[in-house]
Amino acid sequence: MRFPLLLTLQALWLTVCQATQHYPTTWGHYDLCKSHGYTDEGPTWYYMACQPEAADMTKFLKVTLDPPNITCGDPPETYCTLENPYMCNNECDAATDELAHPAELMFDFEGRNPTTFWQSTSWKKYPKPLAVNITLSWNKTIELTDDIVITFESGRPEQMVLEKSLDYGRSWQPYQFYATDCLDAFTMEPKTVRDITQHTLLDIICTEEYSRGYVWKNDKTVRFEIKDRFALFAGPKLHNMASLYGQLDTTKNLRDFFTITDLRVRLLRPATGATMVDENNLSRYFYAISDIKVHGRCKCNLHANSCIFDKEKLTCECEHNTTGPDCGRCKRNYQARAWSAGSYLPIPKGTANICLPNSVGPVNCNCNPFGSDTDRCNGTGYCKCKEGTTGAKCHECLQGYLWDNGCKSRVCDNELLRCQNGGVCVNNIRCQCPPAYTGLLCEKPRCENEPGGCGGSDSGQASLRPPAPILLLLLFVLGPVLLMEICWVTVL
């Protein structure tokens with residue numbers, strides 16, 4: 001009798017262990033915003049930090065292609081396979097459902113046979129770059145909870161950039177660069193996520209891990225590794241989520257790193273499978289994507305545990321007397337103190353930081369004298385912050401600004417706004433460039449301003465190198481200045 005009992009207990013123990021092992025990866029904490037209780041004075045509510053469940057966010061996005069006519073099939077076109085240039089029996093025709101490859105097929109049900117996918121036109125305009133921007137927009141702030149995975153039906157691109165926006169596509173910053181040769185494509189040393197530490201987690205890297213190989217089935221995916229970055233704080237199997245939540249609360253810019261409103265995939269050079277392009281058979285070169293996975297949750301500033309999709313828009317169902325798409329302000333008549341995001345700390349229930357009913361007369365909020373216009377809340381329950389300043393007390397700087405008795409515009413730093421081409425950041429206000437380069441971030445060869453330009457025997461090759469990273473960094477640096485009228489506030 002004892003032996004069957006031991007087997008039963010062992011099976012039960014394994015079940016519990018497996019459930020415990022997989023539980024943290026779902027971010028299954030903070031699912032209650034309040035609970036009912038009693039005190040000596042009678043019934044009362046206890047408030048807690050809360051957040052919605054993670055979900056497949058591709059169900060709620062809008063996809064945009066640039067250029068708009070980059071999808072194959074108009075006019076119809078026949079393609080060859082990359083690995084066999086003589087196998088040219090793949091047809092794309094936008095007017096025929098069975099042969100069309102529209103953008104929606106990047107997000108349909110996987111597992112069909114044959115596989116469905118979006119496909120671009122071929123590289124028929126070579127040597128002009130075959131460049132495509134695929135923009136995913138949610139019109140809502142999203143927190144990523146799992147890896148971003150892009151599955152290519154064609155060969156993986158030889159050059160690609162994954163970008164993010166935090167202001168609904170007004171400005172962009174890189175998430176990661178991908179290339180077969182990072183030094184040649186982006187003048188960056190190649191790295192992998194395994195080279196990142198807790199102290200360098202915010203660094204933007206170029207990786208060659210997902211750009212080589214175009215034949216084997218297992219070589220079809222390109223990833224941006226969210227969980228590997230979580231594991232720097234939560235451990236390899238994400239068992240210590242409490243540590244991660246604590247870091248998200250206390251490490252500057254960490255929560256913003258995993259927060260987006262839009263993603264953009266910039267395809268800059270298709271797979272060629274060789275060092276030279278076969279100009280006699282350009283129908284071999286194109287992009288084709290069968291699936292894009294983006295898992296995350298609505299950002300509700302820890303003031304809601306549900307998010308609804310209504311009229312093509314995601315909105316938090318706010319608690320704690322808050323309101324707004326992200327629960328980012330206090331409700332009317334609940335502005336007795338400045339709005340503040342909830343906190344993951346103390347573990348495990350966090351702090352709700354609810355908005356309180358109005359008291360009589362104006363409220364003294366102890367706003368920072370350097371960062372705010374006054375020490376009292378304005379009519380919406382916030383400290384009224386000066387340009388470039390944020391936080392409940394106007395005591396923190398927005399991205400792109402540096403604190404110096406108030407927030408001053410930042411030109412460069414050692415995290416995201418790095419001086420390029422060997423330039424050195426001096427006091428966060430200018431880049432000291434090497435003799436051969438100039439520009440705000442040392443991004444321009446000095447010879448471009450000289451008569452005749454840069455010239456040289458390799459100028460033809462240089463024209464194929466995409467200027468996207470340079471333009472992107474300029475946008476990232478100048479964005480806060482050009483868009484200072486934007487009314488969104490990043491909440492750390």
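Trainee: What is the torsion about the S-S bond of C318 and C327?
Mentor: This is a predicted model, in which local features need pLDDT of at least 70 and side-chain atom pairs count only at pLDDT 80 or more, while totals for chains, interfaces and linings use all residues. Residues are numbered from 1 along each chain as its sequence is written, and side-chain values use heavy atoms, with hydrogens and water left out. C318 and C327 are joined by a disulfide with an S to S distance of 2.1 Å, the term standing for a pair of cysteine sulfur atoms within 2.5 Å. The link is left-handed, because the torsion about its S-S bond is about -100°.

Trainee: Which relative accessibility makes C318 count as partly exposed?
Mentor: Buried means under 20% relative accessible area, exposed means over 50%, and partly exposed lies in between, with a 1.4 Å probe and protein chains only. C327 counts as buried, because its relative accessibility is 0%. C318, by contrast, counts as partly exposed, because its relative accessibility is 24%.

Trainee: How many residues apart in sequence are the parts that C182 and C206 tie together?
Mentor: The structure holds 13 disulfides, and one of them joins C182 to C206 with an S to S distance of 2.1 Å. The torsion about this S-S bond is about -85°, so the disulfide is left-handed, and both of its cysteines are buried. C182 lies in helix α2 (residues 182-186) and C206 in strand β12 (residues 206-207), so the parts that the pair ties together are apart in sequence by 24 residues.

Trainee: In which strand does C431 lie?
Mentor: C431 and C419 form a disulfide with their sulfur atoms 2.1 Å apart, and the link is left-handed, with -85° about the S-S bond. C419 counts as buried at 14% relative accessibility, and C431 is buried too, with a relative accessible area of 10%. C419 lies in the loop between β26 (407-409) and β27 (424-426), while C431, 12 residues apart from it, lies in strand β28.

Trainee: Why is the pair of Y79 and F286 edge-to-face?
Mentor: Rings of Phe, Tyr and Trp (its six-membered ring) pair if their centres lie within 6.5 Å, and planes under 30 degrees apart count as stacked, over 60 as edge-to-face and the rest as tilted. The structure holds 14 aromatic pairs. In the pair of Y79 and F286, the ring centres are 4.9 Å apart, and the pair is edge-to-face because the planes stand at 70°.

Trainee: Where does F286 lie?
Mentor: Both F286 and Y79 are buried. Y79 belongs to strand β5 (residues 77-79) and F286 to a loop, so the pair ties together parts that are 207 residues apart in sequence. The loop that holds F286 is the one between β14 (259-269) and β15 (288-293).

Trainee: What is the angle between the planes of F177 and F186?
Mentor: F177 and F186 are both buried. Their rings form an aromatic pair with 4.9 Å from centre to centre, and this pair is tilted, the angle between the planes being 50°.

Trainee: Which side chain joins that of R264 in a polar contact of 2.7 Å?
Mentor: R264 is found in strand β14 and is buried, with a relative accessible area of 13%. R264 lies over the face of W172, at 4.2 Å from the ring centre, where a charge sits over a ring if NZ of Lys or CZ of Arg is within 6 Å of the ring centre and within 35 degrees of the ring normal. A polar contact is a pair of N or O atoms within 3.5 Å, where within protein one must be able to donate a hydrogen and the other to accept it, and residues adjacent in sequence count only if both atoms are side-chain atoms. The contact of 2.7 Å joins the side chain of R264 to that of E163.

Trainee: Which strands stand at the edges of the open sheet of 4 strands?
Mentor: Two strands pair if DSSP finds at least two bridges between them, and the sheet has the order β7-β15-β9-β13 with antiparallel pairing. One side of each edge strand is left without a neighbour in the sheet, because each has a single partner strand, and these edge strands are β7 (118-119) and β13 (221-224).

Technical notes
Helix = DSSP H or I, 4+ residues; strand = E, 2+ residues; numbered from the N terminus.
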